[in-house]
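Dear colleague,

Please find the structure handed over below, followed by an account of what was found in it. I would be grateful if you would read the two side by side.

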Amino acid sequence: MRLRLLSLSTISLMLTGCGGAQSQSGKEPAVTAPSSITVTSKAFQDGGKIPTKYTCDGDDVSPPLAWEGMPEQVGAIAVVVDDPDAPRGTFTHWVVLDLDASTTELTEGRVPPGATQARNSAGTASYFGPCPPRGTHHYRFTVYALSHGTGLLDGAELEHALDAIDSRAVARGRLTALYSR
């Protein structure tokens, strides 16, 4: 019976994607830090389509990301992937915290040692690929330079993680891509 309930819950989440009834933050960090970081990906261009491999329709693995232009004396780095087009407000797909300040990229499907993952809007501390219920959605891959690490552990609550990023961000950069089903 438990297996059946778990299967039904998983199917329900997959069908509703970014518009699901799961909790959502409804916000992004309200960072006023300058946009001085350049974010790129080998998998897609800014304004381009996210390959299916990185979505719920494919392998659902995080795409490779790279960045440059970090300011001096950064204490840590955070990455947030979200969808502002979700029907019930911004849906956060992934939050990676406390990356070492010397990090300049994320490898496909991997989180560097020492970094932590906060819960996403689906309630899991992992990458949850684009999965829009309908229409074309914009997915924002935002890299934040933090004055110092958050100290949050794996599985931290989404609101706590976004608040920690907001209070520590000294610079940011964004890569936006599209996906539709």
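Contact here means heavy atoms within 4.5 Å. This is a predicted model, in which local features need pLDDT of at least 70 and side-chain atom pairs count only at pLDDT 80 or more, while totals for chains, interfaces and linings use all residues. Residues are numbered from 1 along each chain as its sequence is written, and side-chain values use heavy atoms, with hydrogens and water left out.

Helices (H or I, at least four residues) and strands (E, at least two) are DSSP runs, numbered from the N terminus. Two strands pair if DSSP finds at least two bridges between them.

The sheet

An open sheet is formed by 5 strands in the order E6-E4-E3-E7-E8, with antiparallel pairing. Its edge strands, each pairing on one side only, are E6 (116-117) and E8 (169-180). Strand E3 (residues 76-83) and strand E4 (residues 91-99) are joined in the antiparallel sense over 6 bridges. Helix H2 (residues 158-168) lies across E3, E4, strand E7 (136-146) and E8, and runs at about 55° to E4; axes are lines fitted to C-alpha atoms, for helices over the stretch in contact, and angles run from 0 to 180 degrees between N-to-C directions.

Asp83

Asp83 lies in strand E3, and its bridge partner in E4 is Phe91. The side chain of Asp83 has a polar atom 2.8 Å from the backbone nitrogen of Asp85 and reaches the backbone nitrogen of Ala86 at 3.4 Å. A polar contact is a pair of N or O atoms within 3.5 Å; within protein, one must be able to donate a hydrogen and the other to accept it, and residues adjacent in sequence count only if both atoms are side-chain atoms.

Two loop residues

Ser36 is found in the loop between helix H1 (2-16) and strand E1 (38-40). Because its relative accessibility is 37%, Ser36 counts as partly exposed (buried means under 20% relative accessible area, exposed over 50%, partly exposed in between; 1.4 Å probe, protein chains only). Beyond its neighbours within four places in sequence, Ser36 is in contact with Glu68, Gly69, Ala171 and Arg172.

Gly149 is in the loop between E7 and H2 and, at 30% relative accessibility, counts as partly exposed. Not counting residues up to four places away in sequence, Gly149 touches Gly75, Ala76, Asp98 and Arg168.

Yours sincerely
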